[in-house]
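Please read this report beside the sequence and the model that follow. It takes the fold first and then moves through surface, charge, pocket and backbone.

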Amino acid sequence: MSDENAACSVVRGTNKKPLNTIDTGCTEYPSCQAPPMTACVWQRQAAAIRFLVQATNGSDPRPFFLGMGHHRPHLPWISPSRFIDQYGDPRQYPLATHQTYPASAASIQWHPWFDQVVKTDVEPAVKQFFLRRGYYGAVSYTDYHFGLMLDALDASGHAPNTVVLLTGDHGWHLGERNMWEKKGLDELDCHVPFMVRVPWLKGGSSGLRTPSLAEQVDMMP
């Protein structure tokens with residue numbers, strides 16, 4: 001994890017927060033640097049792994065439930081540079097196909113974000129490219145931390161008998177229909193990832209997609 005001290009690629013989605021510091025909730029660190037090991041993201045990671053080790057070391061035979069949350073890819077999209085730089089030139093990725101809000105849609109459904117006042121305020125294309133790359137980098141950073149948990153689960157020897165579920169608390173717009181963030185009831189606002197791995201389920205269930213309705217309350221033990 002030594003490379004986590006590398007400089008960050010800073011991508012801002014708001015002009016209402018200072019550039020020089022980021023409040024992690026536990027400590028502040030310069031925005032031009034990656035979060036130090038004392039930042040909340042690493043405190044949560046370390047605490048989750050400690051709990052996993054304790055729950056699987058044989059001292060307690062009861063089943064366990066471990067829930068771990070990460071702030072990213074919530075704003076601000078600040079991640080260690082390697083997670084953003086891996087995406088290269090942001091202009092190679094397509095922008096949203098529909099850049100304007102439909103005239104036939106209810107006005108109350110449109111929600112402005114930091115640089116918008118009215119529905120016709122569209123972010124410049126060059127800014128959209130970099131915002132999207134920042135979002136992708138933030139997702140990859142969280143994916144990295146999720147991978148650390150899977151590695152710890154594998155090392156415990158309990159991966160074959162442990163259900164793993166990945167989900168999020170809301171969807172997100174990246175310029176689709178000239179909307180950003182997640183403040184409405186559109187599909188992109190409400191649609192969340194809900195991925196489940198149940199190692200003992202066989203018969204071609206791996207990679208299966210289902211149109212069945214599900215609620216996040218269904219995941220609680």
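Does valine 163 count as buried, exposed or partly exposed? Valine 163 counts as partly exposed because its relative accessibility is 44%, where buried means under 20% relative accessible area, exposed means over 50%, and partly exposed lies in between, with a 1.4 Å probe and protein chains only.

## Basis of the model

This is a predicted model, in which local features need pLDDT of at least 70 and side-chain atom pairs count only at pLDDT 80 or more, while totals for chains, interfaces and linings use all residues. Residues are numbered from 1 along each chain as its sequence is written, and side-chain values use heavy atoms, with hydrogens and water left out.

## Fold and the helix H3

The protein chain has four helices and eight strands, counted as DSSP runs numbered from the N terminus (helices are H or I with at least four residues, strands are E with at least two). Along the sequence these elements follow the pattern β-β-β-α-β-α-α-β-β-β-α-β, and of the 221 residues in the protein chain, 33% are buried.

Helix H3 covers residues 125-156, which is 32 residues, and spans 47 Å from its first C-alpha to its last, close to the expected 46 Å; the expected span is 1.5 Å times one less than the number of residues. Glycine 157 follows H3 and has a positive phi, near 85 degrees.

Val163, Phe194, Val196, Trp200 and Leu201 together make a nonpolar surface patch of about 470 Å², and valine 163 itself sits in the loop between H3 and strand S5 (164-167). Patches are made of residues with over 30% relative accessible area and no salt bridge, with nonpolar side chains (Val, Leu, Ile, Met, Phe, Trp, Tyr) joined within 5 Å and like charges within 9 Å. The accessible areas come from the Shrake-Rupley method with a 1.4 Å probe, and for residues only the protein chains shown count as cover.

## Salt bridges

Side chains of opposite charge can pair when their charged atoms come close. Seven salt bridges are found in a search of the whole structure, each being a side-chain nitrogen of Lys or Arg within 4 Å of a carboxyl oxygen of Asp or Glu. One of them joins lysine 127 to aspartate 115, at 2.2 Å from N to O; this pair links distant parts of the chain, 12 residues apart, with lysine 127 in helix H3 and aspartate 115 in the loop between helix H2 (81-85) and H3. Lysine 127 counts as partly exposed because its relative accessibility is 28%, and Asp115, Glu123 and Lys127 are linked in a network of salt bridges.

Helix H3 also takes part through arginine 132, whose side chain meets that of glutamate 176 in a salt bridge of 3.3 Å, N to O. Here the two partners are 44 residues apart, glutamate 176 being in the loop between strand S6 (173-174) and strand S7 (180-181). Arginine 132 counts as buried because its relative accessibility is 7%, whereas glutamate 176, at 21%, counts as partly exposed. A further salt bridge joins the side chains of lysine 183 and glutamate 181 at 3.2 Å, N to O; lysine 183 is exposed, with a relative accessible area of 51%.

## The second largest pocket

The second largest pocket has a volume of about 1100 Å³, and of the 26 residues that line it, the closest to its centre are Phe194, Met195, Val196, Leu208 and Thr210. Strand S8 (residues 194-197) gives the most to this lining, with four residues. A pocket is found on a 1 Å grid over the protein atoms alone, as an open set of points where a 1.4 Å probe fits, with protein on both sides within 12 Å along at least five of seven lines, and lining residues have an atom within 4 Å of a point. Grid points are joined across faces, edges and corners, and the volume is the space filled by probe spheres set on the points.

## Backbone exceptions

Most residues other than glycine have a negative phi, and most peptide bonds are trans. A cis peptide bond joins arginine 72 and proline 73, with omega about 10 degrees, and another cis bond runs from leucine 75 to proline 76, with omega near -5 degrees. Proline 73 lies in the loop between helix H1 (40-55) and strand S4 (77-80), and proline 76 is likewise placed in the loop between H1 and S4.

Arginine 177, in the loop between S6 and S7, has a positive phi near 55 degrees. Glutamate 181, in strand S7, has a positive phi of about 70 degrees although it is not a glycine, and glutamate 181 counts as buried because its relative accessible area is 8%.
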